[in-house]
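Trainee: Could you walk me through this model? I would like to begin with the aromatic rings.

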Amino acid sequence: MSSVRRQEKPRPWRVHPIWRGIGCVMIVLIPIMSYAIGDIVTTNLEVVQRFFNQMAVFRKPVNLLAWMNVVANAVPQIAAQTMELKATLALEPIPYFWGKMLIAFVLSMILFAFLSILYSIVFKITGPSPYGQMDVKPKRYKRRKTETKKIKY
């Protein structure tokens, strides 16, 4: 028995170029937004600060330029340039850094989950049929009305 394969029809719709890059933008934008929200929450809510003060890991301020001291000690040829760059940047230690990162991580997971659910809903509504050309169309059954038995008491 031989089967005949039909030629595939082109899609009647095209994906707009904006939708192709929106995932790439969101993968950068969501963590940045999450950290900003974590910074705002940690700075303005004393309850969160008290919670982070109970744990030593979250309480310590983090100096993001501390690694430059290690580089200057390891490679003395560039020590002067490294210290000059550190003085030029002059970043102060960030208080509650790991607490802010924890909040950012949790918010990122929530926002990515929400975005995935939203994408799946939009794709289900606007996407192609789940059946291909080789699938058999599903039969629609009419439900028979059954008489309910009346119970006599």
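Trainee: How many aromatic pairs does a search of the whole structure find?

Mentor: The search finds four aromatic pairs, where rings of Phe, Tyr and Trp (its six-membered ring) pair if their centres lie within 6.5 Å, and planes under 30 degrees apart count as stacked, over 60 as edge-to-face and the rest as tilted. The ring centres of Phe51 and Phe52 lie 5.7 Å apart with the planes at 50 degrees, so this pair is tilted.

Trainee: Before we go on, what should I keep in mind about the model?

Mentor: This is a predicted model, in which local features need pLDDT of at least 70 and side-chain atom pairs count only at pLDDT 80 or more, while totals for chains, interfaces and linings use all residues. Residues are numbered from 1 along each chain as its sequence is written, and side-chain values use heavy atoms, with hydrogens and water left out.

Trainee: Back to Phe51 and Phe52, then: buried or exposed?

Mentor: Phe51 counts as partly exposed at 43% relative accessibility, whereas Phe52 is buried, with a relative accessible area of 2%; buried means under 20% relative accessible area, exposed over 50% and partly exposed in between, with a 1.4 Å probe and protein chains only. Phe52 also forms a tilted aromatic pair with Phe58, at 5.2 Å centre to centre and 50 degrees between the planes, and Phe58 is buried, as Phe52 is.

Trainee: Which residues do the ring pairs link into a cluster?

Mentor: The cluster consists of Phe51, Phe52, Phe58 and Tyr96. Tyr96 lies in the loop between H5 and H6 and counts as buried at 15% relative accessibility. Its phi is positive, about 55 degrees, although Tyr96 is not a glycine.

Trainee: Which other residue of that loop has a positive phi?

Mentor: Ala90, which is also in the loop between H5 and H6, has a positive phi of about 45 degrees without being a glycine, and Ala90 is exposed, with a relative accessible area of 52%. Most residues other than glycine have a negative phi.

Trainee: What does Thr42 touch, leaving aside residues up to four places away in sequence?

Mentor: Thr42 touches Val48, Gln49, Phe52, Tyr96, Lys100 and Ile103, a contact being heavy atoms within 4.5 Å. Thr42 lies in helix H1 and is buried, with a relative accessible area of 1%.

Trainee: Changing topic, how many helices and strands are there?

Mentor: The protein has six helices and zero strands, where helices (H or I, at least four residues) and strands (E, at least two) are DSSP runs numbered from the N terminus. Of its 153 residues, 14% count as buried.

Trainee: How do H1 and H6 pack?

Mentor: Helix H1 (residues 17-44) packs against helix H6 (residues 97-126) at an angle of about 140 degrees, with the axes 8 Å apart; axes are lines fitted to C-alpha atoms, for helices over the stretch in contact, and angles run from 0 to 180 degrees between N-to-C directions. That makes H1 oblique to H6, since angles under 35 degrees count as roughly parallel, over 145 as roughly antiparallel, 65 to 115 as roughly perpendicular and the rest as oblique.

Trainee: And what about H4 and H5?

Mentor: Helix H4 (residues 67-74) and helix H5 (residues 79-89) pack at about 165 degrees, with their axes 8 Å apart, which makes H4 roughly antiparallel to H5. Among the residues making the contact are Met68 and Val71 of H4 and Met83 and Leu89 of H5.
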